[in-house]
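Keep the model open as you read.

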Amino acid sequence: NVLLVAGHGGSDPGAAYGKFIEKTLNLDVTLKIGAILERHGVKVFYSRKTDKDFALNDIVPLAIKVNAFIVMSVHHNAGGGHGWDTLEDVDDIRSSVLMQYLGQEFTKVGMPRHAVIKKWNDAHTDNWHAALRDGKANRLIMGIGEYAFLDSSDNKKLDTDAELKVEAECYAKAILKYLGITYKAA
């Protein structure tokens, strides 16, 4: 089972730049990832399927409830930069491998690497790291993908539904590869 976490939502918009609102992009891409995974026979659960609040503290309990094996959180970045970031559980090689696959997929579609983050240094990611620690006892493989910076020229790759499908395919291909399932185009 895979739990997809659409970052932010409800009263928390995440990053915003012009017409780009992170919580909206995250949800759109998350639902697209889920559709691809389900088409490949993967059982998918979601933190949210609509624009509603979802607390980081609820990730691990939900993952346990749905018997998730992989927990992937979908995000977009801001703050001046270009490219993708991944955040992984530095203490879990499985998380590192999954996030390496994700970075490879992002790079294949022309999004450059910005950073692979193994240490957390802000409130949001500190909370995520706490979730990782809590999840260890439950054998969860957890990670965060940040595909593009909303406030840079990266946002040209977020303009259309087709471009968001490309992003979703990156996540799906990485998860499928980790699960040993061959990706098949629709």
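Ser 47 is buried, at a relative accessible area of 5% (buried means under 20%, with a 1.4 Å probe and protein chains only). This is a predicted model: local features need pLDDT of at least 70, side-chain atom pairs count only at pLDDT 80 or more, and totals for chains, interfaces and linings use all residues. Residues are numbered from 1 along each chain as its sequence is written, and side-chain values use heavy atoms, leaving out hydrogens and water.

Where does Ser 47 sit? Look in the loop between strand S4 (44-46) and helix H2 (59-65). Helices (H or I, at least four residues) and strands (E, at least two) are DSSP runs, numbered from the N terminus. The Ser 47 side chain reaches the backbone nitrogen of Ala 6 at 3.1 Å. Ser 47 also touches other residues (heavy atoms within 4.5 Å), including Leu 4, Phe 54 and Leu 62.

Now step back to the sheet. Six strands form an open sheet in the order S4-S1-S5-S8-S6-S7, with mixed pairing. S4 and strand S7 (113-117) each have a single partner strand, so one side of each is left without a neighbour in the sheet. Two strands pair if DSSP finds at least two bridges between them. S1 (residues 2-6) and S5 (residues 70-77) pair in the parallel sense over five bridges. In this pair, Leu 4 stands opposite Met 72 in S5.

Helix H1 (residues 22-39) packs on the sheet, touching S1, S4, S5 and strand S8 (141-149). Helix H5 (residues 161-179) lies across S1, S5 and S8.

Notes
Buried means under 20% relative accessible area, exposed over 50%, partly exposed in between (1.4 Å probe, protein chains only). A polar contact is a pair of N or O atoms within 3.5 Å; within protein, one must be able to donate a hydrogen and the other to accept it, and residues adjacent in sequence count only if both atoms are side-chain atoms. Axes are lines fitted to C-alpha atoms, for helices over the stretch in contact, and angles run from 0 to 180 degrees between N-to-C directions. Lists of a residue's contacts leave out its neighbours within four places in sequence.
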